[in-house]
Amino acid sequence: MASPMVQDFTTPVIRNVDLGRGNWLLEFQAESAAREMRPAQFFMIGVPGSDVLLRRPFSVCGLPGTFSDGSQGAVQVLYRVYGRGTKLLSSLGPGAPLHILGPLGRGFTSPPEKTTKIVLVAGGIGCAPFPAFISELQREGRRATMIYGARSAGELPLLDWFRERCDEVVVTTDDGSLGARGLVTAPVEARLEARGQNPLHLYVCGPTPMLKAVAKRALAAGVVCDLALEAPMACGFGVCLGCVVPTHERPDGPVAFERVCVEGPVMRAERMAW
Ligand SMILES: Cc1cc2nc3c(=O)[nH]c(=O)nc-3n(C[C@H](O)[C@H](O)[C@H](O)COP(=O)(O)OP(=O)(O)OC[C@H]3O[C@@H](n4cnc5c(N)ncnc54)[C@H](O)[C@@H]3O)c2cc1C
Ligand code: FES
């Protein structure tokens, strides 16, 4: 779905909660931007007056109604501290101003056919867009299965939240500290094999190697697969071309380049010319 009216605004932090292991949940007031937003769309977020000049992209994690304690018009962003921008964000307390641009990009859309089985695949902090999506599915009277992988047990933020709201959450960790030892691809393959004649739709968000591995298996099985892509972003609105990825209309067709910030971040697996 195309982005609704993009807004550029300054708004205070409502709360910025340390979830442990470098994961934080930031809440801010977004008013009409929150009402128009789709799961997996994103905001560019900066801190006015700081020496981190470029805003950074973050998926919307919670839209109004996703987390029961979220106030009207407030949205939440789940982020992991990596470098200067996210370290600065984690230092902010309630009332600190944020410089926001959004909503941006194209988000997830639930399958039109109600009998389609929905499988969400998340790698670590790639779980960020799924709370908003799961809440939307709940409002439609639908539930999903989630396959949630990370390097180790401490890197699975909001795991209990997902367990309460999904039919099933299958956990994998690289080190075997929780769930099955290994990658998300093994339970993905199991779901693809077990689906029989039933339609299935995969929604995937996480590191690019994980997206590629899941996309490959989905394509081989002929299953619809939406990928929430990550790319370096300077502008977030289609001008700098820093975020382009190779795509094609058909596997043997010519390769074009599309902008993750405008044509994505959600793209169909078959469009990718990786
Ligand atoms: C559409 C979109 C949505 C996103 N949504 C989220 C989200 O909801 N939550 C979230 O935490 N992140 C999200 N990201 C990633 C997030 O934008 C980056 O983590 C952030 O820009 C890092 O900024 P920084 O200044 O802290 O790090 P930088 O100073 O820019 O980078 C510091 C170091 O960390 C590495 N690094 C930066 N980002 C990542 C990363 N994501 N994975 C691995 N290494 C990295 C860099 O290569 C560099 O070595 C999203 C990215 C995109 C494109
Ligand atoms: S981030 Fe500038 S074109 Fe996409």
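**Close-up 1. Helix α2 gives the most to the lining of the largest cavity, with three residues.** The model is predicted: local features need pLDDT of at least 70, side-chain atom pairs count only at pLDDT 80 or more, and totals for chains, interfaces and linings use all residues. Residues are numbered from 1 along each chain as its sequence is written, and side-chain values use heavy atoms, without hydrogens and water. The whole structure holds one cavity of 30 Å³ or more. Its volume is about 70 Å³. A cavity is a set of points on a 1 Å grid where a 1.4 Å probe fits but cannot get out; lining residues have an atom within 4 Å of a point. β3 (42-46), β4 (56-59) and α2 (84-90) each give two or more residues to the lining. Among the lining residues are Ile45, Val47, Arg56, Phe58, Leu88 and Leu89. By class, the lining has seven nonpolar, three polar and one charged residues.

**Close-up 2. Trp24 and Tyr79 form a stacked pair.** Their ring centres are 6.5 Å apart and their planes stand at 20 degrees. Rings pair if their centres lie within 6.5 Å; planes under 30 degrees apart count as stacked, over 60 as edge-to-face and the rest as tilted. Trp24 lies in strand β2 (residues 23-29) and Tyr79 in strand β5 (residues 74-80), so the pair ties together parts 55 residues apart in sequence. The whole structure has ten aromatic pairs.

**Close-up 3. Leu241, Val244, Val255 and Phe257 make a nonpolar surface patch.** The patch covers about 390 Å². Patch residues have over 30% relative accessible area and no salt bridge, and nonpolar side chains are joined within 5 Å. Val255 sits in the loop between β13 (244-247) and β14 (256-259).

How values were computed. Chains are lettered from A and ligands numbered from 1 in the order in which they are written. Patches are made of residues with over 30% relative accessible area and no salt bridge: like charges are joined within 9 Å, nonpolar side chains (Val, Leu, Ile, Met, Phe, Trp, Tyr) within 5 Å. Accessible areas come from the Shrake-Rupley method with a 1.4 Å probe; for residues, only the protein chains shown count as cover. A salt bridge is a side-chain nitrogen of Lys or Arg within 4 Å of a carboxyl oxygen of Asp or Glu. Helices (H or I, at least four residues) and strands (E, at least two) are DSSP runs, numbered from the N terminus. On a 1 Å grid over the protein atoms alone, a cavity is a set of points where a 1.4 Å probe fits but cannot get out, and a pocket is an open set with protein on both sides within 12 Å along at least five of seven lines; lining residues have an atom within 4 Å of a point. Grid points are joined across faces, edges and corners, and a volume is the space filled by probe spheres set on the points. Ala, Val, Leu, Ile, Met, Phe, Trp, Tyr, Cys and Pro count as nonpolar, Asp, Glu, Lys and Arg as charged, and the others, Gly among them, as polar. Rings of Phe, Tyr and Trp (its six-membered ring) pair if their centres lie within 6.5 Å; planes under 30 degrees apart count as stacked, over 60 as edge-to-face and the rest as tilted.
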